[in-house]
Amino acid sequence: MAEKVLMKGNEALAEAAVRAGCKLFFGYPITPQTEVAAYMSKRLPKVEGGVYLQAESEVAAINMVYGASASGARVMTSSSSPGVSLKQEGISYLIGSDLPALIVNIQRGGPGLGGIQPSQADYWQATRAVGHGDGHIIVLAPSTVQEMADLVALAFELGDKYRMPAMILADGLLGQMMEPVVLPDVLDSAALPDKPWALTGHQGQRRHQTINSLHLDAQELENSIIRRFERYETVRLVEQRAECYLTDDADVVVVAYGAASRVVRSAVNHARDEGLKVGLIRPITLWPFPTQAIDLQIEKSQAFLAVEFSMGQMVDDVRLVVNGRRPVSFFAHTGGIVPTPEEVVVAIRRVIAGEQIDIVPFKSKLTGDRA
Amino acid sequence: MSSVSESLKSPVLFERPQALADVLTNYCPGCSHGIIQRLVAEAIDDLEIEGRTVGVCPVGCSVTAYDFYNCDMAQAAHGRAPAVATGMKRAHPENIIFTYQGDGDLASIGMAETVHAATRGENITVFFVNNAIYGMTGGQMAPTSIPGQVTQTSPYGRDVTTAGYPIRVCELLSTLDGTALAQRVTVDCPKNVRIAKKAIKKAFEYQIERRGFSIIEIVATCPTNWGLSPDAAFKWLDENLLPYYPLGVHCDRPAEAAAAAEQGDKDPAKPPVLVDQVAVRTPQQARTDA
Amino acid sequence: MAQVTVDSFYCKGCGLCVAFCPKNIMALNLAEISQKGYHPAVCTKQEICNGCLSCALMCPDSAIKIER
């Protein structure tokens, strides 16, 4: 077993990518992800065949990723929210061309330039609206520096397996914090999957191949989308991942991912100390959303509470699974404010007392609730 | 297999190049794209590089060109072909990567990618078809539409006081040290088609020799959107576009360096530096060196 | 003398070969309509073709083959 080292989340993620066989990195500076690029600029030139390239823009970077991926390489880019918005067209082309790639989003607050503090405001963008058209990417949400490292290999593996882009959706808190981490082993390059579809030049050995997302014939386009959604269905069935913490006897289950789940875990521990039966379901895959874990919990619990660093995005997915069978409450801060465990405990107490709350940081004219 | 070079030996004086697929293109009748595309295929044949060549065709009339060649091909987002080609070349430096782009794609939405690929000395080959109009979308004003040119979106003629001036891409890119070759050609007559073929082949050769970024701009026609017959379109090109876009080699750094070396010039214009020749220096080392 | 063959599968009847033939021996065959609906080009006097390749060089559809 490798030894533990103390590393920043962004750097652990970058090192894990190199160890997962990613030799090409194309990026553009933006806070708070810059350490990923800085680490790669130091590390990749020392790797045989390694390429670090600072692109002229986020747009160029994602299209370089497209080219490298089309050539069969394991490749990644990283950015933060406004930069990911710029990458969206390219991600859409990756989806339409069935190309795998890793896109890292170390989220910051928005909209617009927003702020540089931790945020989860890009949930809808990542899980619903990345690029245009009918398409999805795999979205993984780490909650520790260890997971910042561990989920990288999974992202590449799932991306290659299903020929889909995969995103690691973290935030400034996870990217910037230092924690002990056991770095994953270096992947044997022989273990990398074959990509017979890649554009490597036909070398006189096969017919020419194309990578393309254009289908001018409507029926052909519909067929290609249906084939992709058949794959998505498999992903939805077999690739859901979530952590269930103290949920077996929980009357109330809090659903939170990423950095928010760290606050909630503390809150759950405090509430347990008070004798409150509360647990945490932490989605690790945001797409596919872990519907199975929540569905299984409905029999056991009376109510759900979603906690996010946004005005309420993931909570919609919770409501879709619960589908009215249990009340779903919501608690949030946004704009870079990280809620305290004490605030969450207060929300938990109210939900356990039978209230259905919808606490966002403003006084609602509709519900009267406020933080 | 193609044509001109083998004309002395073979009974076949000219035929369809092998690198072109056996499909009918969806270009309009008389469109210059067909000629240029054939020249690219002929060069691929002559250099016997089809098996390791990958082409990139972005949005525009050439968007479906991935079906027209027998080498591997990828489509790219509008304007992003040089970035896609960069990713390909960096992943497989031994492969030959070319892009085939129109004027809206290369000189408007994709100008940043073009300029930066050039200034990086990215070892790729760009074929730039300049017909001074957006063809695929039906004839709108392009960054290379000439002053006074009537298009769908400059119905009173391009007014430079509001729409600005056209961009001379080869001249612009020639100022960048990473550009190895920037040459403007046209295909308005058999003689110029032969010159264009030589330039296209040379650009590929420069990539094989790892010289850096090469661009061949081909001044071309769009008979359909210009509203002219294919033949009349070439006459309009000769009279209107060529005065604005002078033909010739705008930059050939390897040749300049060779000529300077021949004359014993102590300080010749430098060719683009090859990646493996770059000495890595930290600021500290650089200070020590000095 | 050279033999000019126009493949009517590719020819779109654009007339560039007609315009650029120095001997004026290329023409569009108005009696024929190709599968795509064009009048394909044809060489009307093979015996005076000197194999200058002008028609083939200007053909946008690589439809012309020229043999000795």
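This is a predicted model: local features need pLDDT of at least 70, side-chain atom pairs count only at pLDDT 80 or more; totals for chains, interfaces and linings use all residues.
Two strands are taken to pair if DSSP finds at least two bridges between them. Strand β9 of chain A is joined by two bridges to strand β3 (residues 72-75) of chain B, and the two strands run parallel. Within this pairing, Thr210(A) has Met73(B) as its bridge partner in β3(B).

On the side of chain A, 33 residues take part, and they are in contact with 29 residues of chain B. Two or more residues of this side of chain A come from each of β2 (24-27), β3 (51-54), α3 (58-70), α4 (81-96) and β9 (210-211). Of these elements, α3(A) contributes the most, with nine residues. When the residues on the side of chain A that touches chain B are sorted by class, 16 are nonpolar, 15 are polar and two are charged.

Two pairs of chains are in contact, and of these, chains A and B share the most contacts. Chains A and C are not joined by any contact, and their closest C-alpha atoms lie 19 Å apart.

The other interface is that of chains B and C, where 23 residues of chain B are in contact with 26 residues of chain C. The elements of chain B that give two or more residues to this side are β1, α1 (32-47), α7 (190-208) and α9 (230-244). The largest share comes from α1(B), which supplies five residues. By class, the side of chain B that touches chain C consists of 14 nonpolar, five polar and four charged residues.

Strand pairing also links chains B and C. An open sheet of three strands has the order β1(B)-β4(C)-β1(C), with antiparallel pairing. Its edge strands are β1 (12-14) of chain B and β1 (3-6) of chain C, each of which pairs on one side only. From one strand to the next, the twist averages 30 degrees. The link between the chains consists of two bridges that join β1(B) to strand β4 (residues 64-67) of chain C, and these strands run antiparallel. In β4(C), Ile66(C) is the bridge partner of Phe14(B), while Glu67(C) stands opposite Val12(B).

Chain B, which takes part in both interfaces, contains eleven helices and eight strands. Of its 290 residues, 55% are buried. Among the contacts in chain B with a separation of 6 or more, 65% are between residues 24 or more positions apart.

Two of the helices of chain B that give residues to the side touching chain C, α1(B) and α7(B), also pack on each other. Their axes are 9 Å apart and the packing angle is about 50 degrees. The crossing of α1(B) and α7(B) is right-handed. From α1(B), the contact is made by Ile35(B), Leu39(B), Val40(B), Glu42(B), Ala43(B), Asp46(B) and Leu47(B), and from α7(B) by Val193(B), Ala196(B), Lys197(B), Ile200(B), Lys201(B), Phe204(B) and Glu205(B). The residues in the contact of α1(B) with α7(B) comprise nine nonpolar, no polar and five charged ones.

Chain A has an open sheet of six strands, in the order β10-β12-β11-β14-β15-β16, and the pairing in this sheet is mixed. The edges are formed by β10 (242-245) and β16 (358-359) of chain A; each has a single partner strand, so one side of each is left without a neighbour in the sheet. Strand β11 (residues 252-255) of chain A pairs with strand β14 (residues 303-308) of chain A in the parallel sense, over four bridges. One of the residues concerned is Val254(A), whose bridge partner in β14(A) is Leu305(A).

Helices of chain A are placed against this sheet. Helix α11 (residues 314-322) of chain A packs on the sheet and touches β11, β14 and β15 (328-332) of chain A, and its direction makes about 160 degrees with that of β14(A). Helix α12 (residues 341-352) of chain A lies across β11, β12 (278-283), β14, β15 and β16 of chain A, and runs at about 160 degrees to β14(A).

Notes
Residues are numbered from 1 along each chain as its sequence is written. Chains are lettered from A and ligands numbered from 1 in the order in which they are written. Two residues are in contact if their C-beta atoms, placed from the backbone, lie within 7 Å. Ala, Val, Leu, Ile, Met, Phe, Trp, Tyr, Cys and Pro count as nonpolar, Asp, Glu, Lys and Arg as charged, and the others, Gly among them, as polar. Axes are lines fitted to C-alpha atoms, for helices over the stretch in contact, and angles run from 0 to 180 degrees between N-to-C directions. A residue is buried if 20 or more other C-beta atoms lie within 10 Å of its own, exposed if 12 or fewer, and partly exposed in between; C-beta atoms are placed from the backbone. A crossing is left-handed if the near helix is turned anticlockwise from the far one by less than a right angle, and right-handed if clockwise.
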